[in-house]
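My notes follow in the order I looked things up.

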Amino acid sequence: MVDSGLGEEMANDNGAAASRSGPYTATEGLSLTLSYLEDPANVVCPRCGGGAVQVVCFADPEQLAAGHVVAVAPDENYAVLLYCNGCTRAAALHLTYRQRQESREVA
């Protein structure tokens with residue numbers, strides 16, 4: 001899940017909210033996700049490049065969907081909130097890791 005509702009507006013000189021670059025597209029969201037999975041410490045913004053994206057927090061995805069940010073450890077089921085300081089856009093990536101259970105046959 002990519003949610004770009006955070007950080008997509010900033011105040012202009014008159015104090016009114018003005019969209020700087022709009023929300024992340026689905027393609028950009030996929031790029032963010034792959035970048036995070038490759039190296040969580042160096043997420044690359046598809047528009048701004050490396051060095052601009054920071055991890056804001058890890059949150060419970062069900063609570064986040066209900067509009068509440070509840071911090072959790074990045075374990076099996078979490079959402080990571082990312083913010084790009086360059087284009088001032090944000091995204092919430094819902095990640096679920098399932099450990100494979102292997103069964104062995106005894107001969």
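**Overall layout**

I started with burial: of the 107 residues in the protein chain, 28% are buried. I keep in mind that this is a predicted model. The protein chain exposes about 7,100 Å², and carbon and sulfur atoms supply 49% of that area.

Next I went through the secondary structure. I find two helices and six strands in the protein chain. Along the sequence they follow the pattern β-β-β-α-β-α-β-β. I also looked up contacts between residues at least 6 apart in sequence, and 46% of them join residues at least 24 apart.

**The core**

Which residues have the most contacts inside the largest nonpolar core? I get Tyr24, Tyr36, Val80, Leu82 and Cys84, in a core of 15 residues. Helix α1, strand β5 (77-84) and strand β6 (90-96) each supply at least two of the core residues. Strand β5 gives the most, with four residues. I jotted down the general background too: in soluble globular proteins, nonpolar side chains tend to be buried together.

I then picked Cys84 and listed its partners, leaving aside neighbours within four places in sequence. Cys84 is in contact with Tyr24, Cys45, Cys48, Ala52, Val53 and Arg89.

**Aromatic pairs**

I searched for ring pairs and the count comes to two. In one of them, the ring centres of Phe58 and Tyr78 are 5.6 Å apart and the planes sit at 80 degrees, so I log the pair as edge-to-face. Phe58 lies in strand β4 (residues 53-59) and Tyr78 in strand β5, so this pair ties together parts that are 20 residues apart in sequence.

Are the two partners buried or exposed? Phe58 has 24% relative accessibility and counts as partly exposed, while Tyr78 has 4% and counts as buried, because the cut-off for buried is under 20%. Ring pairs link Phe58, Tyr78 and Tyr97 into a cluster.

**A surface patch**

Together with Leu30, Leu34 and Leu37, Tyr97 makes a nonpolar surface patch of about 400 Å². I checked Leu30 on its own: its place is in helix α1 (residues 26-38). Leu30 has 51% relative accessibility, so I put it down as exposed, since exposed means over 50%.

I moved on to helix α2 (residues 61-65), where Leu64 is placed. Leu64 counts as buried, at 17% relative accessibility. What does Leu64 touch, not counting residues up to four places away in sequence? I find Val69, Ala79, Leu81 and Ala92. I also took a distance from Leu64 to Tyr78: the C-alpha atoms are separated by 9.7 Å, and the two residues are 14 apart along the chain.

Last, I looked at backbone angles. Most residues other than glycine have a negative phi. Thr88 has a phi near 55 degrees, a positive value in a residue other than glycine. I located Thr88 in the loop between β5 and β6. Where does Thr88 stand on accessibility, buried or exposed? Thr88 is buried, with a relative accessible area of 11%.

Conventions: Residues are numbered from 1 along each chain as its sequence is written. This is a predicted model: local features need pLDDT of at least 70, side-chain atom pairs count only at pLDDT 80 or more; totals for chains, interfaces and linings use all residues. Side-chain values use heavy atoms; hydrogens and water are left out. Patches are made of residues with over 30% relative accessible area and no salt bridge: like charges are joined within 9 Å, nonpolar side chains (Val, Leu, Ile, Met, Phe, Trp, Tyr) within 5 Å. Accessible areas come from the Shrake-Rupley method with a 1.4 Å probe; for residues, only the protein chains shown count as cover. A salt bridge is a side-chain nitrogen of Lys or Arg within 4 Å of a carboxyl oxygen of Asp or Glu. Buried means under 20% relative accessible area, exposed over 50%, partly exposed in between (1.4 Å probe, protein chains only). Contact means heavy atoms within 4.5 Å. A nonpolar core is a set of buried Ala, Val, Leu, Ile, Met, Phe, Trp, Tyr and Cys residues joined through side-chain atoms within 4.5 Å. Rings of Phe, Tyr and Trp (its six-membered ring) pair if their centres lie within 6.5 Å; planes under 30 degrees apart count as stacked, over 60 as edge-to-face and the rest as tilted.
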